[in-house]
Amino acid sequence: MEVREIERPQVIEEGIITGRRALKAAPRIEGLPTGVEGLDGLFFTTEIIDNRVIKKPLGGIPCLSVLNITGSSDTGKTLLVEQFAIKQASLGRNVAFITVETPASFVSLSLNERARAMGLRFEDIEDNIILIDAASHGLLRENLPNLLATLAHVIRTYKTGITVIDSVTGLYEHREMLARTVVRQVYNFLKKWHQTALLVSQKRSGHEELTAEAAGGYAVGHIVDGTMVLAKELVMSQYSARLFGKPPGDIVRLFRIDGCRLCGHDTRTFFLEITDTGLLRIGPPLRTG
Ligand SMILES: Nc1ncnc2c1ncn2[C@@H]1O[C@H](COP(=O)(O)OP(=O)(O)O)[C@@H](O)[C@H]1O
Ligand SMILES: [Mg+2]
């Protein structure tokens with residue numbers, strides 16, 4: 001009878017690094033402006049000067065972070081990532097924009113509109129946004145290795161340091177048991193390629209509005225570096241009318257940063273506004289108590 005050799009455990013030397021060497025290799029945390037009024041000031045780092053903790057605003061989301069933007073439909077997730085892409089492109093950076101639900105030509109119309117609302121000319125920045133159309137191509141949407149190989153090609157060719165995926169939920173639609181594997185692979189890929197990334201993920205209607213949970217369970221929130229939650233609520237009770245200061249029947253939009261591993265952040269819940277020209281803006285904090 002054949003005896004299978006038991007694999008002997010090995011020491012993986014590459015996996016060992018001293019704190020000193022790890023810190024030397026660590027990036028400096030800077031902020032990347034999002035193009036969303038009121039958002040950039042909500043992330044900060046701290047310094048201790050004369051025994052006092054001083055907060056230093058980052059002025060954007062932390063570079064090299066992979067963040068999850070979650071909310072049910074119509075809460076402004078797409079507006080947020082479009083404004084971010086436009087803002088970064090206007091600063092001269094190249095952005096890879098993977099569209100999974102809306103074909104690229106429609107996304108470009110929307111980006112064009114967003115740029116104009118932000119007082120920019122899309123023609124000046126259109127070459128800085130490289131769309132990957134997984135909405136029109138099943139070979140990208142349904143095949144993660146193809147999608148990541150294509151993204152790697154775009155990152156190499158266009159030297160992009162920023163990736164947007166709208167949405168990762170679309171990559172495991174009807175296959176929610178794969179959510180964890182898909183998001184983990186995407187996350188590891190983005191880290192390896194030194195990307196700052198926003199991943200949109202859809203909430204199911206059964207989920208609590210202001211939690212970080214996305215379709216596919218806790219997969220997304222637990223893997224990524226941080227989450228921003230967008231919510232939309234109908235004012236129905238006297239209680240919420242008082243809480244929000246709005247009459248019953250009104251819609252309120254809310255925003256909250258639900259954790260970020262890379263830096264400090266404001267923990268309050270804010271009103272969220274969408275202007276008449278279709279721009280997302282963080283409003284005042286919700287006053288409780
Ligand atoms: N140009 C616009 N003008 C006014 N409101 C807009 C415009 N574009 C989008 N909106 C509003 O923003 C909401 C959120 O849009 P979107 O970002 O697409 O939501 P999500 O991606 O979360 O489903 C839409 O339901 C719509 O009411
Ligand atoms: Mg959307």
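Predicted model: local features only at pLDDT ≥ 70, side-chain atom pairs only at ≥ 80, totals over all residues.
**View 1. The shell around ligand 1.** Let's start with the ligand: Gly71, Ser73, Asp74, Thr75, Gly76, Lys77, Thr78, Leu79, Glu113, Ile274, Asp276 and Gly278 surround ligand 1. Helix H2, which runs over residues 77–90, is the top contributor to the shell around ligand 1, with three residues.

**View 2. The largest nonpolar core.** Here you can look into a core of 66 residues, where Ala85, Phe97, Val164 and Leu199 touch the most other members. Helix H2 supplies the largest share of this core, seven residues. Pick out Leu199 and follow its contacts: beyond its neighbours within four places in sequence, Leu199 is in contact with Val66, Asn68, Ile69, Ile165, Val168, Val220 and Val224. As a general background note, nonpolar side chains in soluble globular proteins tend to be buried together.

**View 3. Helix H7 and its buried side.** Helix H7 covers residues 179–192, and at 1.5 Å a residue its 14 residues should span 20 Å; the C-alpha atoms at its ends are 20 Å apart, so the two values agree. Buried residues in H7 are Ala179, Val182, Val183, Val186, Phe189 and Leu190. They sit on the same side of H7, because they cover an arc of only 130° around the axis. After H7 comes His194, which has a positive phi, near 55°.

Terms used
Residues numbered from 1 in each chain as written. Chains lettered and ligands numbered in written order. Near = placed C-beta within 6 Å. Helix = DSSP H or I, 4+ residues; strand = E, 2+ residues; numbered from the N terminus. Core = buried A, V, L, I, M, F, W, Y, C linked by C-beta atoms within 7 Å. Buried ≥ 20, exposed ≤ 12 C-beta atoms within 10 Å, placed from the backbone. Contact = placed C-beta atoms within 7 Å. Expected span 1.5 Å × (residues − 1). Arc of directions from axis to C-beta.
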